[in-house]
Amino acid sequence: MSSLFIQTRGRGDTQLVLLHGWAMHGDVFEPLIEALDDRCTMHVVDLPGHGRSRDSELLLEPEACARAIAEATPPAVWLGWSMGGLIALTGALRHPDHVRGLAMLSSTPCFVRKDGWPYGMEPDVFEQFSDDLDQDYKATLDRFLALEAMGSEHAREEIRNLRALVFAHGAPDKRVLKQGLALLDHSDLRAELASVEQDSVWISGHRDRLVPGAAMAWAAEQCEGRYIDIPRAGHAAFIGFADQVVEALAPLLEGASA
């Protein structure tokens with residue numbers, strides 16, 4: 001099996017592609033899917049090695065994924081959460097006629113701290129997660145999910161939902177999880193932000209412990225996008241704050257359907 005699993009949900013006029021984060025799959029967006037059911041037709045992607053695309057032969061690499069998704073879906077707004085944002089942003093840059101709007105949810109063009117970029121995680125964090133996957137696979141995933149929920153007003157609900165979802169369609173492929181960590185470690189699209197042609201919105205959870213709001217505000221400014229902070233949300237804002245995420249998305253979705 002080489003193709004991606006892409007589920008179509010909703011019945012609205014606006015086309016929307018949803019791209020999940022590391023170790024998850026498209027079902028993580030269920031609260032957002034329900035909230036947008038009558039407004040959008042959603043194309044919910046399981047990225048390579050994840051969920052029902054576990055056996056896909058496609059590389060977990062932004063250019064390859066963006067190209068495959070563009071070929072399999074109609075012109076649409078692309079929404080990327082966390083790691084999925086790197087693929088959404090790549091799609092906007094490489095397929096501007098296909099990606100009609102860009103929504104970045106708890107995502108940044110560069111996840112790792114470096115000279116001149118104080119907002120990312122320490123480089124050794126991703127290397128440590130990669131090493132830990134070999135030692136204790138499930139415990140490492142559990143630790144990462146806990147980081148995603150940390151800080152949110154609904155942290156217990158979020159961690160419970162994320163833990164239930166991660167193995168819902170079988171364990172994620174360890175090899176692809178390592179590819180994902182390398183992707184987060186090495187990707188840097190900051191220099192290309194000024195080339196984004198589409199309207200964009202950058203939505204941050206104020207209590208996010210993985211992606212600083214300052215990084216997203218900076219990125220939004222570079223591409224003349226909107227930055228929106230959801231005050232009590234963490235990294236997975238759509239789980240406990242789906243209505244606020246929908247409100248933040250509304251102008252982008254309305255513009256795409258006009």
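The model is predicted, so local features are reported at pLDDT of at least 70 and side-chain atom pairs at pLDDT 80 or more, while totals for chains, interfaces and linings use all residues. Residues are numbered from 1 along each chain as its sequence is written, and side-chain values use heavy atoms, with hydrogens and water left out.

A search of the whole structure for cavities of 30 Å³ or more finds 1. Here a cavity is a set of points on a 1 Å grid over the protein atoms alone where a 1.4 Å probe fits but cannot get out, and its lining residues have an atom within 4 Å of a point. The largest cavity holds about 60 Å³ of space, a volume being the space filled by probe spheres set on the points. Its lining includes the aromatic residues Phe111, Phe126 and Phe144, and Ser82, Met121, Leu184, Leu210, Val211 and His235 also belong to it. Of these lining residues, 7 are nonpolar, 2 are polar and none is charged. In this grouping, Ala, Val, Leu, Ile, Met, Phe, Trp, Tyr, Cys and Pro count as nonpolar, Asp, Glu, Lys and Arg as charged, and the others, Gly among them, as polar.

Charged residues come into the picture with the salt bridges. Side chains of opposite charge can pair when their charged atoms come close. Counting a salt bridge wherever a side-chain nitrogen of Lys or Arg is within 4 Å of a carboxyl oxygen of Asp or Glu, the model has 14.

One of them joins Asp37 to Arg11, with 2.1 Å between the closest N and O atoms. This pair links distant parts of the chain, 26 residues apart: Asp37 is in the loop between α1 (30-35) and β3 (40-46), and Arg11 in the loop between β1 (5-9) and β2 (14-19). Helices (H or I, at least four residues) and strands (E, at least two) are DSSP runs, numbered from the N terminus. Asp37 is partly exposed at 24% relative accessibility, whereas Arg11 is exposed at 61%. These words follow relative accessible area with a 1.4 Å probe and protein chains only: buried is under 20%, exposed over 50%, and partly exposed in between.

Arg94 and Glu192 form another salt bridge (2.9 Å, N to O). Arg94 belongs to helix α3 (residues 83-94), and Glu192 to the loop between α7 (174-186) and β6 (200-205), 98 residues apart. Both are partly exposed, Arg94 at 34% and Glu192 at 26%. Elsewhere, salt bridges with shared partners join Asp27, Asp46 and Arg52 into one network.

Methods. 1 Å grid on protein atoms, 1.4 Å probe; cavity = no way out; pocket = protein on both sides within 12 Å on 5 of 7 lines; lining within 4 Å.
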